Amino acid sequence: MKAFSVEELDAFFRSLEADYDVRVPVTRHDGTRTLGVPGDGPLALAGGVVPSRITNVFFPHLEAVLAVRDGGTTMPSPLAKPLFVAGLTAQDADCLEFVDQFFAAGLPDDLYRRRRSGAVVACVSGRCGAGGEFLKIARGKCDLELVGDGRKYILAAYSDAGKALAGKLPGGEPVANDALAKLIEESDALPADDLHVLQTASKLLLENKVPDEFWQKIANRCIACTSCNLACPSCTCFDVFDRKAADGIVERWRLWDSCQLDGFQREASGHNPMGAQRQRTHRRIHHRLAADVIKWGHITCYLCGRCDMVCPTGIGIKAVCRELVQEYGAA
Amino acid sequence: MRRILTTCPYCGTGCCFYLLAEDDGRLAGVEPSMEHPVARGGLCLKGWSAFHFVNHPDRLTTPMIRRNGKLEPASWGEALDLVVAKLKDIQAGHGNDSVAFFASAKMTNEENYLMMKLARAVFRTNNVDHCARLCHASTVVGLAAAFGSGAMTNSISCMEEADCLLVTGSNTTEQHPLIGSRIISNVKERGAKLIVADNRKIRLARFADLHIRPANGTDVAFLNGMMNVIIAEGLEDKEFVKTRTENYEELKKAVSNYPPEKAAEICGITPGEIVEAARMFAKAHKAMIVYSMGITQHTHGVDNVKSCTNLVMLTGNIGRPGTGVNPLRGQNNVQGACDMGALANCYTGYQGVTDPAIRAKFEKAWAVDNLPANVGLTITTAINAAADGNLNALYVAGENPMMSDPDQNHVRKALEKLEFLVVQDIFPTPTSAFAHVVLPAASFAEKDGTFTSTERRVQRVRKAIEPVGESRADWEIFCDVAKRAGYGGMQYGSVSEIMDEIASVTPIYGGISLERVDKIGLQWPCRSKDDPGTPVLHVGKFTRGLGLFSPVEYRPSAELPDAEYPFLLSTGRCYPHFHTGTMTRRSRTLEREEPFAYVEISPEDAKTLDIRDRQPVFVATRRGEVRCMARVTDVAKKGVLFMPFHFEEAPANRLTNNALDPVAKIPEYKVCAAKIRRSS
């Protein structure tokens with residue numbers, strides 16, 4: 001087992017560009033960390049969760065679905081090369097697993113599949129979070145994992161594709177046999193307070209113990225910015241619309257949508273069964289913690305932290321659940 | 001896929017985000033900036049949608065000239081030669097002031113500067129103005145009179161430091177969402193006191209310690225009433241009044257006529273509400289006023305603003321973090337367009353055109369003689385002049401007076417009478433329908449420059465994609481017009497050179513350069529290259545020296561409800577849309593959220609008139625009638641109607657009253673008399 005420096009990994013990611021469309025965390029112009037191609041900015045593996053919705057590499061904000069010209073239909077061209085994406089946290093890997101499942105269920109989503117198939121995903125974990133915070137180790141659910149030991153990154157490969165790429169990574173320095181095991185121990189010992197809060201909130205919701213007044217109180221604080229949805233890597237809702245261009249081409253697009261909007265579920269008549277903001281606020285949390293438990297058998301918030309990070313009024317899912325459990329958990 | 005850091009093109013909050021640009025030159029999304037001090041990783045609904053109109057197929061992509069009554073495609077050379085020839089010809093026949101220029105709060109600082117320069121240095125007229133005339137003209141006049149500087153005194157971050165906020169005439173969570181959210185956070189997390197003085201039950205009212213609903217247009221009586229109580233109870237900041245202000249005795253005399261009982265009667269509220277508001281505001285260690293169009297868009301808009309300045313000076317709430325008079329500017333660059341002198345009475349940095357020394361300075365900088373010395377026509381007076389046949393040509397860049405100015409039928413008459421109308425814009429508009437020449441401009445995503453946000457923060461706009469079709473950046477078009485008009489002093493290699501010129505003639509921008517505003521911008525005044533900028537104005541000393549108390553008397557609005565028109569109609573914006581809707585109504589999510597024109601009516605009034613929610617209704621005033629959808633909501637107070645002005649199919653400004661504040665020339669959008677009936 002070997003550990004690699006940031007410089008070695010940077011060179012490695014660049015070398016993959018011959019065969020992959022490579023996306024890695026980089027520091028942008030004003031210091032914001034986002035995914036980008038190598039060279040878009042300094043490689044920024046450390047720092048924890050990449051703030052924007054990380055599943056956007058497979059499910060972009062706006063995406064062409066098809067174009068109609070002279071009665072003929074054309075689909076967007078497939079990617080020239082498969083994607084290589086580094087920078088997911090362990091929670092992001094859980095999100096991705098769920099999104100994979102979502103887009104594969106029922107009628108499989110071809111646009112998603114085109115981007116996702118053949119893609120190689122690498123998690124970043126260990127002692128490399130924001131301010132030195134220890135990030136949970138994924139131990140699977142990705143092809144490769146870079147586990148920070150505070151100095152370098154220990155490489156763990158899980159899938160065949162991951163192992164094949166790992167074999168091509170030059171350099172590195174050997175680490176003690178138990179180095180990774182010790183870090184995993186540390187990962188296992190991470191507090192699970194947030195998860196317990198989420199599970200308790202889920203139980204309260206399934207038992208219908210949270211009254212409308214609570215949701216009204218939260219809804220009052222919601223300015224319907226939609227950031228919670230648009231930053232959430234597990235959110236999969238999209239809106240479809242057509243645009244007719246001057247040259248006779250009609251293009252069909254899909255665009256991220258938000259269940260926090262009145263227009264999301266308004267009927268053609270103008271009636272909206274989710275017309276009150278209180279209902280939409282309730283829906284946002286209930287969907288992840290109750291409806292999905294019934295449909296998929298598990299909670300579908302993986303505590304990536306993005307909605308709590310971006311909500312301008314402090315009502316991300318963790319904050320709401322803490323308040324909910326505090327008010328109704330004792331009963 | 002590239003990501004380019006830029007500034008949002010909607011409200012004046014000034015959030016920065018990354019535009020996602022595809023390799024095919026189209027935009028594919030936005031990502032918030034985590035490091036920007038205002039956005040802090042967030043965006044509002046409009047911000048998240050800000051990329052969406054850019055590649056809309058309706059974009060103007062080629063110049064057009066009206067031939068035989070129809071707008072037909074033309075080359076840039078043909079179109080610009082015609083613009084120059086017609087403007088010069090009209091000026092030769094009718095004088096320099098027969099031509100007017102409307103700049104735009106949507107354009108960059110550099111572009112506003114150049115349009116102002118084009119009007120003054122090339123076409124020799126001070127007839128240049130922009131839509132600040134319609135939103136915060138009263139702020140600029142009122143704050144400058146009291147403090148010597150006409151801008152928001154504090155920073156957005158101060159919203160989280162105040163111990164008490166008086167929010168009046170600002171629906172902050174809808175119109176400046178990332179400022180509104182800070183107010184909510186301050187109330188929820190720090191326990192700040194919140195007074196909302198607003199006729200409508202806006203979201204912030206749900207958090208308010210005190211929600212007062214004075215009748216529209218009675219702000220002076222309300223604020224004078226508060227000051228009466230403060231002085232009567234000895235709650236004024238005596239030391240501040242003594243050392244930092246002048247004319248206090250006159251103020252004291254004026255407000256003595258507004259005991260709470262009398263003020264309450266004018267406002268239609270209880271005396272107790274005024275007393276409670278006065279005590280809450282005056283007893284706070286750090287109190288601030290946050291206001292917007294509800295204060296400014298009145299025939300007594302300047303008086304309203306002066307009353308706000310009186311209240312903060314009386315209580316010593318200015319010149320410190322967490323205090324101040326904080327007018328929230330409505331557009332991305334309305335602050336900057338004012339700063340750049342796209343105003344009829346001043347050059348950049350509010351340097352007056354009537355001051356010979358200032359004129360001499362600009363004559364030297366621009367290498368011209370005899371700059372015009374008279375104050376020019378404003379947007380509102382220019383439209384009036386055109387309607388009267390006293391203005392012959394108009395060059396409109398990025399404005400849409402057919403939708404934005406009061407009394408649409410009057411505006412239509414004015415535009416029809418013009419001998420020559422040039423409209424430079426990104427989309428066809430109801431205004432461009434009257435144009436003789438239409439020039440396609442590049443959008444915010446297709447050019448470089450700077451915007452100045454409401455907190456006086458000058459920040460970067462960056463080109464993410466190439467301009468669509470043959471469209472060109474507004475600044476390049478102005479330079480080309482100047483060159484064709486024979487002026488050699490308007491040729492630049494980049495926008496950076498333009499900003500350097502602005503800095504050289506504008507003391508408050510003296511230290512600004514594109515390099516210095518690169519990441520998070522700088523707040524003016526920034527007078528030299530080592531000046532770190534100014535988050536809080538008037539610390540220790542007002543710009544004018546001592547703060548000037550300006551006693552004002554309550555004057556009723558120009559047109560109040562009567563037997564024939566029994567409702568008071570107020571107009572404004574709604575959350576998903578922006579101004580005349582040219583961009584937001586072409587943005588999928590935003591248009592879906594609010595697809596129809598509507599009028600808010602209270603449940604009581606709706607019941608009386610047998611009007612149901614979402615039912616079509618006619619709203620009429622003495623100026624005209626529109627058909628829209630009723631929205632029955634307790635946001636509206638009994639007797640009051642509210643309409644957003646974004647909808648071409650039911651333009652609220654067909655109804656509004658073209659009555660102006662005598663000094664600021666701002667129209668009274670917030671009060672007119674109306675009637676409403678069911679549509680069969």
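## A walk from chain A to its interface

Start by selecting Asp21 and Arg23 of chain A: their side chains meet in a salt bridge, 3.2 Å from N to O. Keep in mind along the way that this is a predicted model. Colour by accessibility and Arg23(A) turns out to be buried, at a relative accessible area of 19%; the cut-off for that class is under 20%.

Now zoom out to the whole of chain A. Shown as a cartoon, chain A has 11 helices and 13 strands. Its radius of gyration is 21 Å, close to the 20 Å that the globule rule gives for 331 residues, so chain A is as compact as a globular protein of that length. Along the principal axes, the C-alpha atoms fill a box of roughly 65 × 65 × 40 Å. Of the 331 residues in chain A, 55% are buried. If you draw the contacts in chain A with a separation of 6 or more, 65% of them come from residues 24 or more positions apart.

Next, back to side chains. Select Lys203(A) and Glu207(A), which pair in a salt bridge at 3.4 Å, N to O; Glu207(A) is partly exposed, with 36% relative accessible area.

Then move to Arg252(A) and Asp242(A), another salt bridge, whose closest N and O atoms are 2.7 Å apart. Arg252(A) sits in strand E13 and Asp242(A) in strand E12, so the pair ties together parts of chain A that are 10 residues apart in sequence. Both ends are partly exposed: Arg252(A) has 33% relative accessibility, and Asp242(A) has 42%.

Over all chains, the count comes to 67 salt bridges.

Last stop: bring chain B into view. Here 47 residues of chain A are in contact with 47 residues of chain B. The area buried between the two chains is about 3,900 Å², with carbon and sulfur atoms giving 52% of it. Which salt bridge can you pick out here?

E12(A) gives the most, with five residues. In all, the residues on this side of chain A divide into 20 nonpolar, 17 polar and 10 charged.

Terms used:
Residues are numbered from 1 along each chain as its sequence is written. Chains are lettered from A and ligands numbered from 1 in the order in which they are written. This is a predicted model: local features need pLDDT of at least 70, side-chain atom pairs count only at pLDDT 80 or more; totals for chains, interfaces and linings use all residues. Side-chain values use heavy atoms; hydrogens and water are left out. Contact means heavy atoms within 4.5 Å. Buried area is the accessible area (1.4 Å probe) that two parts lose on being put together, summed over both. Helices (H or I, at least four residues) and strands (E, at least two) are DSSP runs, numbered from the N terminus. Ala, Val, Leu, Ile, Met, Phe, Trp, Tyr, Cys and Pro count as nonpolar, Asp, Glu, Lys and Arg as charged, and the others, Gly among them, as polar. The radius of gyration is taken over C-alpha atoms; the globule rule is 2.2 Å times the number of residues to the power 0.38. Buried means under 20% relative accessible area, exposed over 50%, partly exposed in between (1.4 Å probe, protein chains only). A salt bridge is a side-chain nitrogen of Lys or Arg within 4 Å of a carboxyl oxygen of Asp or Glu.
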